[in-house]
Amino acid sequence: MDVCIHPRRLSGVVTPPPSKSMAHRLVIAASLAAGVSTIRRLDFSADIEATLRCMRALGAQWETAEDGLRITGIGGIRQPFGDLPRFDCGESGSTLRFLIPISMTAGQGGAFTGQGRLMERPQQPYFDLFRERGIPWEQADGVLTVRGQLAPGEYRLPGNVSSQFFTGLLMALPLLEGPSVVVSTTELESASYVTMTMGVLDQCGVRVRYSPQINSFAVSPGIYCPFEAAVEADWSQAAFWYAAITLGSSLRLRGLNGRSSQGDAAVVSHCKKLSQEGSVAIDLSDCPDLLPPLAVMAAVRRGTTRFTHAARLRLKESDRLSTVHQMLSALGGAASEEADSLTVYGVSTLPGGTVDGANDHRIVMAAAIAATRCQGPVTIQGAEAVKKSYPGFWRDYEALGGDVRVL
């Protein structure tokens, strides 16, 4: 689906959708629990549907209800399946990386498939662990097959690739019969997401203790207890509306938790930096998903903005350093990219133009927000990509006064 947006400032009140990051964790925890859990405020984005689909493949059951989603968990470790289970992870990196180790405790591994660029995204930290432990795996024709079971012990992996590997292990290892330790061999980036994981585990009665002195997590064996929880609003999606405000729209956001463990709540402090003139540097190591909306804010400010520690963005749904650069250039902005950074040179106006959405939900939403400050129409190709994380984005955009026309 392609859309054409005629520039117009937005106004009104908007509630960002539920946090996709938190929803992944709550769905998995409920699916591993011994009993029935209820999760309220769950948005059925494509990524969350992928996690629900995979947990059903492990044996969990779920149904919608007036009070949210009721999930009947599998109660921890199960006997091996007769056949190796298959997990269709869609385009969700979280689903894939969380489920790989979990499948090796609640079953005996699995065959993982995906769409888009998902199966090209790196899994090397897991592969290195598999080699150390003699766990067989193979990746061919878009399918990753892992056969084997995890054992309690020490797991060492780099923290500068993705925190998702840590979350996968921290959610899987409590299901084993002995204690384990997960050690980050480098500084842990996106650490706030691991903090979120530990909060969900604590809510389920699962104990993980972090030792900052040695950068390690001690995991005790335990049983996931059923729970009731509401998914808080998503700061990574709220960032797009903050960008619109910075660009001149009159919006009020509601439903956000100001004390959230979500790393993307940093958008508030970054907005303040970008509201000032002059040169600014923003470290994205703990909030890489903020680049698209922050880059849009930087595009029309008086000054130069350099976004650093961003190499991981090349491995998202698109090469996001490159596609953000291309988006800004297509709209008349100015930017340059390096291997690990993006520099945006503020301009006085954005003429508008045609943006390739690159099958990337965050590129599409960023382009839509940039359109509010463009002089001419903005065409976005592949606008349906928002369904991955924010299915109601276009509905909300139009409700706030946006002029969106489907081509």
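# Close-up views of a predicted chain

**View 1. A salt bridge joins the side chains of E337 and R314, with 3.0 Å from N to O.** The model shown here, as in every view below, is predicted. This pair links distant parts of the chain: E337 sits in strand β18, R314 belongs to the loop between β17 and α10, and 23 residues separate them.

**View 2. H325 has its place in helix α10, which covers residues 320–330.** Is this histidine buried or exposed? With a relative accessible area of 18%, H325 is buried, because the limit for that class is under 20%.

View 3. Follow β16 to its neighbour β17 (residues 304–308) and you will find parallel pairing over four bridges. In this pairing, D283 stands opposite T308 of β17.

**View 4. A second open sheet of four strands runs in the order β10-β11-β13-β12, and its pairing is mixed.** Its edge strands are β10 and β12 (208–211), with pairing on one side only for each. The twist between one strand and the next averages 15 degrees. Between β12 and β13 (residues 216–219) the pairing is antiparallel and counts four bridges. Look there for V208, which stands opposite V219 in β13. Helix α5 packs on this sheet and touches β10, β11 (180–184), β12 and β13. The direction of α5 makes about 175 degrees with that of β11.

**View 5. Helix α4 (residues 124–133) has P125, Y126, F127, L129 and F130 as its buried residues.** What do these buried residues pack against? Their partners are the helices α3 (93–103) and α5 (164–172), together with the strands β8 (137–140), β9 (143–147) and β10 (154–157). After α4 comes G134, with a positive phi near 70 degrees.

**View 6. E228 and R40 meet through their side chains in a salt bridge of 3.7 Å, N to O.** E228 lies in strand β14 (residues 228–230) and R40 in strand β3 (residues 36–40), so this pair ties together parts that are 188 residues apart in sequence. How do the two ends compare in exposure? E228, at 58% relative accessibility, counts as exposed because the value is over 50%. R40, at 33%, counts as partly exposed.

**View 7. The side chains of R302 and E277 form a salt bridge, 3.6 Å from N to O.** R302 is in the loop between α9 (291–299) and β17, while E277 is in the loop between α8 (267–274) and β16, so the pair ties together parts that are 25 residues apart in sequence. Both R302 and E277 are exposed.

**View 8. The whole chain has twelve helices and 22 strands.** Its radius of gyration is 21 Å, close to the 22 Å that the globule rule gives for 407 residues, so the chain is as compact as a globular protein of that length. The C-alpha trace spans about 60 × 45 × 40 Å along its principal axes. Of the 407 residues, 58% count as buried. The chain exposes about 15,500 Å², with carbon and sulfur atoms supplying 47% of that area. Among contacts between residues at least 6 apart in sequence, 75% join residues at least 24 apart. The salt bridges come to 22.

Terms used
Residues numbered from 1 in each chain as written. Predicted model: local features only at pLDDT ≥ 70, side-chain atom pairs only at ≥ 80, totals over all residues. Heavy atoms only, no water. Buried < 20%, exposed > 50% of the residue type's maximum accessible area, 1.4 Å probe, protein only. Helix = DSSP H or I, 4+ residues; strand = E, 2+ residues; numbered from the N terminus. Contact = heavy atoms within 4.5 Å. Pairing = 2+ DSSP bridges. Axes fitted to C-alpha atoms, helices over the stretch in contact; angles between N-to-C directions. Rg over C-alpha atoms; globule rule 2.2 N^0.38 Å. Areas by Shrake-Rupley, 256 points an atom, 1.4 Å probe, with all protein chains shown as cover. Salt bridge = Lys/Arg side-chain N within 4 Å of Asp/Glu carboxyl O.
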